[in-house]
Amino acid sequence: MKSMITILLLGILFLCACQTEDPQLKELEQYIEQLRTESESVGWTATVSVDGATVFSRGFGLGNYEQQVPVYPDKTKFRIGSISKALTAAALGVLIEEGKIDLDAPVQKYAPYFPEKKYAMTTRQVAGHQAGIRHYNGDEFLSAKYYPTVNEGLEIFMNDTLLFEPGTAYRYTSYGFNLLSAVIEGAAGEDFLHFMQTRVFDPLGMTETLAEHMDSLILYRAGYYDMAEGKVINAPYVDNSYKWAGGGFISTSEDLVKFGNAMLQNTLFSEEVKQQLVTPQSLKNGEKTEYGMGFFSGVDEYGRPYYGHGGGSVGGCSNLIIYPEEKMVVAVITNDTRAKVGKELHKVAEILLTKKQ
């Protein structure tokens with residue numbers, strides 16, 4: 001009889017536990033859904049970890065609109081845009097840790113295919129958007145051409161004049177990371193994508209992160225969408241092979257959180273190397289930028305220091321935010337060209353870290 005009562009009590013407690021949800025997590029879920037709805041987006045995925053443990057991971061809306069497939073935070077692969085730059089920077093960090101690259105040597109030491117300019121430029125300047133390399137012109141963001149090698153991708157801009165003397169100004173450029181991938185190839189002595197796979201993704205267990213080859217069958221790849229006059233339409237076809245390093249990877253929110261935790265825990269390289277990547281650089285006149293090498297750094301509106309990267313793609317927006325003091329990682333990705341995944345996501349930490357009365 002006592003055993004039956006015990007079983008009943010345990011059952012009641014279990015049911016109560018299932019019906020009771022942390023109010024902060026509920027508030028966070030509602031907030032993310034609100035952002036998705038306001039952005040008129042088809043699908044979002046959001047994952048948050050604290051102290052290395054996942055505290056929130058959800059899919060919102062649809063990964064594929066036509067097939068009515070939901071979003072799975074551990075499987076649905078979205079375009080992550082310029083978060084690719086942070087992943088590429090981690091590969092650079094591995095080379096720094098191993099003493100295989102001189103950040104202040106001319107880039108031609110590792111990428112001789114790239115022509116010399118009026119001024120010499122270094123890998124440090126290229127990785128910090130200070131080399132004078134231009135960003136997209138015209139409709140280049142909509143490129144549908146396949147580029148089979150890193151060097152072929154350089155041909156888009158490598159013969160253009162620099163915008164300024166390296167080190168004298170900051171100008172954000174995805175093409176700079178094309179050049180950085182060529183530098184990584186030269187310093188590593190192997191193909192850029194192979195190096196990313198074996199030295200970054202594999203060691204971190206990022207099994208759902210890869211370069212998006214448009215002719216490949218990729219399980220759980222999201223559809224890519226935009227809005228036109230209030231209606232969902234397919235985003236234009238693009239092939240991001242011309243910019244693997246700067247915006248060509250796809251991933252899940254859970255994989256990005258794995259990466260964020262690896263940065264916090266110095267899994268791939270030392271604290272000293274990490275600080276080189278995340279600490280904002282200075283120009284020759286002493287003026288500080290907000291960018292290290294592959295990472296923006298700052299303080300959010302709630303006073304919390306962070307580093308990370310956002311991303312915008314054709315058919316995707318994303319943000320990865322790492323709070324070192326709170327040991328928190330926030331990753332959100334969408335399959336919509338224009339979505340609210342910028343400073344709005346700073347509220348995620350505020351929701352989870354503020355004790356409710």
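Buried here means under 20% relative accessible area, exposed means over 50%, and partly exposed lies in between, with a 1.4 Å probe and protein chains only. The model is a predicted one, in which local features need pLDDT of at least 70 and side-chain atom pairs count only at pLDDT 80 or more, while totals for chains, interfaces and linings use all residues. Residues are numbered from 1 along each chain as its sequence is written, and side-chain values use heavy atoms, with hydrogens and water left out.

Helices (H or I, at least four residues) and strands (E, at least two) are DSSP runs numbered from the N terminus. In α2, the buried residues are Q24, L25, L28, Y31, I32, L35 and R36. Seen down the axis of α2, these buried residues fall within an arc of 135°, so they line one face of the helix; the arc is that of the directions from the helix axis to the C-beta atoms.

Two strands count as paired if DSSP finds at least two bridges between them.

| Strand pair | Bridges | Sense |
|---|---|---|
| β5 and β8 | two bridges | antiparallel |
| β10 and β11 | seven bridges | antiparallel |
| β11 and β12 | seven bridges | antiparallel |

β4, β8 and β5 form an open antiparallel sheet in the order β4-β8-β5. β4 (78-79) and β5 (210-211) stand at the edges, each with a single partner strand, so one side of each is left without a neighbour in the sheet. Within this sheet, L210 has I250 of β8 as its bridge partner.

In β11, eight of eight residues are buried, with G316, S318, L320 and I322 on one side and C317, N319, I321 and Y323 on the other. S318 is the bridge partner of G311 and also stands opposite I333 in β12. The hairpin of β10 and β11 has two residues between the strands, and G315 takes a positive phi near 85°; that of β11 and β12 has four, and K327 in the turn has a positive phi of about 55°.

A pocket is an open set of points on a 1 Å grid over the protein atoms alone, where a 1.4 Å probe fits, with protein on both sides within 12 Å along at least five of seven lines; lining residues have an atom within 4 Å of a point. The largest pocket has a volume of about 380 Å³, the volume being the space filled by probe spheres set on the points. Of its 18 lining residues, the closest to the centre are F296, Y306, H309, G310 and N319. β10 supplies the largest share of the lining, six residues.
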